[in-house]
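Thanks, everyone. Let me put the structure up, and then we'll go through the ligand site.

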Amino acid sequence: MKLRGIELRRVSMPLVAPFRTSFGTQTERDVLLLRAVTDDAEGWGECVALTDPLYSPEYVDSQQDVLRRFLLPRLASPEGAAALGRSGAAAVAGALHAYKGHRMAKAAVEMAILDAELRALGRSFGRELGAVADRVPSGVSVGIHDSIPALLSAVEGYLDEGYARIKLKIEPGWDVAPVAAVRERFGGDVLLQVDANTAYTLRDARHLAKLDAFDLLLIEQPLEEEDVLGHAALARQLATPICLDESVVSAQTAAAAITLGACQIINIKPGRVGGYLEARKIHDLAAAHGVAVWCGGMVETGLGRAANIALAALPGFTLPGDVSASGRFYRTDITEPIVLVDGHVEVPTGPGLGVTPIPELLDRVTTSVEWIPF
Ligand SMILES: CC(=O)N[C@@H](Cc1ccc2ccccc2c1)C(=O)O
Ligand SMILES: [Mg+2]
């Protein structure tokens, strides 16, 4: 593996509709893509950081800066190049370990190098990670709406499309009523869960316990990301399983959360935890503890979406993930669109990610390109 350089490319993609969560409303996605150029192949990585540090401490400009100033020079150093020459993508996390945090940037560069490596080998992401299925059921994430009727209309549309599971974003003032309305309208058999994105506190426990009446699969990240003990206390007061998202940033924090009883389910997002290789470690750890996992989404383009689907095909991913079709968020994706067929999405089988950006579509949404030579 001889790395010649990495392109940092920013793309701006409008969302098909505003997407409202407890941390705000997004109408477009400003994405940082990485293109790793090696002697044998090119590889693509996607950084899932948002424009603003509202989901996690990372924001897209900070990730581009930390890559340019610290992470890529470290990989381009003699030690970094030697480690990459020896072990390829498996060496990235260790080579960058000295730099704290910025896991979404680290994940993106590992992904690009892994994609190049696998394309050169003619090996798919799914094969490399240990996929055991050729398609996976897809859930869909439904934002906070202006009214219950508007929400019900959106949910009806997704159910008509065949989505296997409905996830409702909630926040104080928009929780029990929308969940009750969806249950009332669509019945008890629809797989249903909620995601608070850290919007509640332990003082809301009695209120959140009202959700136990609706047979939810899980309640995702009700409390703030560092409140692991709070989630453990809440888990003792709720019948509905607690799922962590923002709190789990590594296999180590996953182990602590499981051991402390802070979660019974984990939403695994490769960008949040520093890469697909760490994501697989969390999958293995959770499986050993009998903890179910599913693949979360960060409104990725087809590149990150394809990699997530490969990950979602590992045996421990027993709950439908937020691996929805490209059309859930984008009218035009930068790759061949990922589509939903009978409530499932296909695991790509081609080398590496199995998808590549379509040049003219990529150029149309590109806002900047920066080449970092090695
Ligand atoms: C699909 C889903 O619910 N993802 C995140 C929240 C999230 C993450 C990244 C986003 C980027 C742009 C717009 C909205 C976004 C929402 C979650 O599970 O918590
Ligand atoms: Mg979440």
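Where does ligand 1 lie, given which domains give residues to the shell around it? Domain 1 (3-122 + 356-373) and domain 2 (127-346) both contribute, so ligand 1 lies between them. Those bounds come from an automatic or database domain assignment.

A word on the basis. This is a predicted model: local features need pLDDT of at least 70, side-chain atom pairs count only at pLDDT 80 or more, and totals for chains, interfaces and linings use all residues. Residues are numbered from 1 along each chain as its sequence is written, chains are lettered from A and ligands numbered from 1 in the order written, and side-chain values use heavy atoms, without hydrogens and water.

Now the shell. Ligand 1 has 18 residues around it, near meaning a heavy atom within 4 Å. Ser 141, Lys 167, Lys 169, Asn 197 and Gly 297 come nearest.

Next, polar contacts, pairs of N or O atoms within 3.5 Å. Ser 141 has a side-chain N or O atom 2.9 Å from a ligand 1 oxygen. For Lys 167, a polar side-chain atom sits 2.8 Å from an oxygen of ligand 1. Lys 169 also places a polar side-chain atom 2.8 Å from a ligand 1 oxygen.

Note on methods
Polar contact = N/O pair within 3.5 Å; in protein donor to acceptor, adjacent residues only side chain to side chain.
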